[in-house]
Amino acid sequence: MITKAANVDDFLKKIDKSRREDMSKLRSIILKTLPDANESLQYGMPAYDIDGKGIVAFNSQKNYMSFYVGPDSVLKYKHLLKGLSVGKCCIRFKSIDKLPKSTIVKLIKDTKKTCD
């Protein structure tokens with residue numbers, strides 16, 4: 001879902017209240033794991049890059065939330081993503097509780113490593 005948000009704080013204000021807490025938790029994990037990342041909106045969704053290299057992004061879709069990481073990371077950690085809808089670079093979930101913090105951190109770190 002592409003929003004007309006001015007920044008990530010605005011993006012979070014505009015998404016459905018039922019998802020705001022989950023998306024805020026994901027954002028917090030990303031910022032703690034990638035303290036040097038640049039936070040911006042790319043294609044209407046929060047995106048995080050270091051030195052212009054895209055690392056991760058997330059969005060609130062019509063029927064689910066999505067977390068975008070590198071394709072190699074998804075393949076490497078697919079065993080930790082059981083029960084979730086997973087694409088080449090996208091993990092779709094309905095609750096952040098289905099995507100444990102430790103798994104999110106592993107995906108972020110692995111994706112960053114492949115971008116170095």
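## Aromatic pairs

In this predicted model, a search of the whole structure finds 2 aromatic pairs. One joins phenylalanine 11 and phenylalanine 58, whose ring centres are 6.2 Å apart; the planes stand at 75 degrees, so the arrangement is edge-to-face. Because phenylalanine 11 belongs to helix H1 (residues 8-14) and phenylalanine 58 to strand S3, this pair ties together parts that are 47 residues apart in sequence. Phenylalanine 11 and phenylalanine 58 are both buried.

Tyrosine 48 and phenylalanine 58 also form an aromatic pair, and this one is stacked, with 6.2 Å from centre to centre and 20 degrees between the planes. Tyrosine 48 lies in strand S2 and phenylalanine 58 in strand S3, so the parts tied together here are 10 residues apart in sequence. Tyrosine 48 is buried, as is phenylalanine 58. Phe11, Tyr48 and Phe58 make up one aromatic cluster.

## The sheet

The strands S1-S2-S3-S4-S6-S5, in that order, form an open sheet of 6 strands with antiparallel pairing. At its edges are strand S1 (38-42) and strand S5 (85-86), each of which pairs on one side only.

Strand S1 and strand S2 (residues 45-50) run antiparallel and are joined by 5 bridges. Glutamine 42 has methionine 45, in S2, as its bridge partner.

## Helices across the sheet

Two helices are described here in relation to the strands. H2 lies across S1, S2, S3, S4 and S6, and its direction makes an angle of about 165 degrees with S3. H4 lies across S2, S3, S4 and S6, running at about 145 degrees to S3.

Helix H4 (residues 101-115) comprises 15 residues; its first and last C-alpha atoms are 21 Å apart, close to the 21 Å expected at 1.5 Å a residue. The buried residues of H4 are Thr103, Ile104, Val105, Leu107, Ile108, Asp110, Thr111 and Cys115. In an α-helix, residues three or four places apart point the same way, because there are 3.6 residues a turn. The cover over the buried residues of H4 includes helix H2 (17-33) and helix H3 (71-76), together with strand S3 (53-60), strand S4 (65-68) and strand S6 (90-93).

## Serine 60

Serine 60 is a residue of strand S3. Its relative accessibility is 4%, and serine 60 therefore counts as buried, the cut-off being under 20% relative accessible area.

The side chain of serine 60 makes a polar contact, at 2.9 Å, with the side chain of arginine 19. Between the C-alpha atoms of serine 60 and proline 46 the separation is 10.0 Å, while the two residues are 14 residues apart along the chain.

## Positive phi in two loops

Which backbone angle is positive in tyrosine 43 although it is not a glycine? For tyrosine 43 the angle is phi, at about 55 degrees. Tyrosine 43 is located in the loop between S1 and S2. With 70% relative accessibility, tyrosine 43 counts as exposed, since exposed means over 50% relative accessible area.

Aspartate 51 is not a glycine either, and has a positive phi of about 55 degrees. Aspartate 51 occurs in the loop between S2 and S3. The relative accessible area of aspartate 51 is 75%, so this residue is exposed.

Conventions. Residues are numbered from 1 along each chain as its sequence is written. This is a predicted model: local features need pLDDT of at least 70, side-chain atom pairs count only at pLDDT 80 or more; totals for chains, interfaces and linings use all residues. Side-chain values use heavy atoms; hydrogens and water are left out. Helices (H or I, at least four residues) and strands (E, at least two) are DSSP runs, numbered from the N terminus. The expected span of a helix is 1.5 Å times one less than its number of residues. Buried means under 20% relative accessible area, exposed over 50%, partly exposed in between (1.4 Å probe, protein chains only). Contact means heavy atoms within 4.5 Å. Two strands pair if DSSP finds at least two bridges between them. Axes are lines fitted to C-alpha atoms, for helices over the stretch in contact, and angles run from 0 to 180 degrees between N-to-C directions. Rings of Phe, Tyr and Trp (its six-membered ring) pair if their centres lie within 6.5 Å; planes under 30 degrees apart count as stacked, over 60 as edge-to-face and the rest as tilted. A polar contact is a pair of N or O atoms within 3.5 Å; within protein, one must be able to donate a hydrogen and the other to accept it, and residues adjacent in sequence count only if both atoms are side-chain atoms.
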